[in-house]
Amino acid sequence: MQKISWHDSFSVGVTKLDEHHQHLAHLINQLSDCIPCSNQTEKVVDILSALIEYAKYHFRHEEGYLKAHDYPQFEQHRIEHIQFCEVVAETCYGATIGIFGINDLYNYLSSWWTNHILYEDMLYKPFLENKVLLGK
């Protein structure tokens, strides 16, 4: 199982948001350590709970930043965040009762993280860069 590795192509140009994204990757990567041992339900629940809490923290921060800069696709971006939290919360519940495929879960989360940053978050990068260049 290949873990998420940070590289410059993931940078959205905002140091604090990049740091948040790196921490989210770290939490997701912790799940890959649970894959060889299928009887780690409690550890998986702990990781997912931490992921949900940190994701909410990050999303509030990122959404506040985007809203403060009048990002035109703000609402669609916010909906992506809500959907992610719902899926992870449902999965966390499934993990508490022993119904989850840790391999599939890790694949989903790492894929979501990568795609969300490289496609969704990268949509706001030039917008924010332009705001900074124009002094707005």
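Guide: A residue counts as buried when its relative accessible area is under 20%, as exposed when that area is over 50%, and as partly exposed in between. The model is a predicted one, and the part I would look at closely is helix α1, which spans residues 15–32.

Helix α1 has 18 residues, and from its first C-alpha to its last it reaches 26 Å, close to the 26 Å expected at 1.5 Å a residue. Its buried residues are Leu 17, Asp 18, His 20, His 21, Leu 24, Ala 25, Leu 27, Ile 28, Asn 29, Leu 31 and Ser 32, a list that includes leucines such as Leu 17 and Leu 24 but also Asp 18, His 20, His 21, Asn 29 and Ser 32.

Lys 16 takes part in a salt bridge with Glu 19, where the nitrogen and oxygen lie 3.5 Å apart; the cut-off for such a contact is 4 Å, so the pair qualifies. Glu 19 is partly exposed, since its relative accessibility is 40%. The two partners, Glu 19 and Lys 16, lie 3 residues apart in helix α1, about one turn of the helix. An α-helix has 3.6 residues a turn, so residues three or four places apart point the same way, and side chains of opposite charge can pair when their charged atoms come close.

A search of the whole structure finds 3 salt bridges, and another of them involves the segment before α1 and the loop between α1 and α2. There the side chains of Asp 33 and Lys 3 meet at 3.0 Å, N to O. Because Asp 33 lies in that loop and Lys 3 in the segment before the helix, this pair ties together parts that are 30 residues apart in sequence. Asp 33 is partly exposed at 40% relative accessibility, and Lys 3 is partly exposed too, with a relative accessible area of 38%.

The segment before α1 also holds Val 12, which is buried because its relative accessible area is 1%. In sequence Val 12 and Asp 121 are 109 residues apart, yet their C-alpha atoms are 6.8 Å apart in space. Elsewhere in the model, Trp 6, Phe 10 and Trp 113 form one aromatic cluster.

The loop between α2 (41–68) and α3 contains Asp 70, whose phi is near 55°, a positive value in a residue other than glycine; Asp 70 counts as exposed at 57% relative accessibility.

Of aromatic pairs the structure holds 9. A pair of aromatic rings is described by the distance of the centres and the angle of the planes. In the pair of Tyr 71 and Tyr 124 the ring centres are 6.0 Å apart and the planes stand at 85°, so the pair is edge-to-face. This pair links distant parts of the chain, 53 residues apart: Tyr 71 is in the loop between α2 and α3, whereas Tyr 124 is in helix α4, residues 102–134. Tyr 71 is buried at a relative accessible area of 5%, and Tyr 124 is buried at 0%.

As for cysteines, Cys 34 counts as buried at 1% relative accessibility and Cys 85 counts as buried at 15%, while a search of the whole structure finds 0 disulfides.

Definitions and conventions
Residues numbered from 1 in each chain as written. Predicted model: local features only at pLDDT ≥ 70, side-chain atom pairs only at ≥ 80, totals over all residues. Heavy atoms only, no water. Helix = DSSP H or I, 4+ residues; strand = E, 2+ residues; numbered from the N terminus. Buried < 20%, exposed > 50% of the residue type's maximum accessible area, 1.4 Å probe, protein only. Disulfide = S-S within 2.5 Å. Phe/Tyr/Trp six-rings, centres within 6.5 Å; stacked < 30°, edge-to-face > 60°. Expected span 1.5 Å × (residues − 1).
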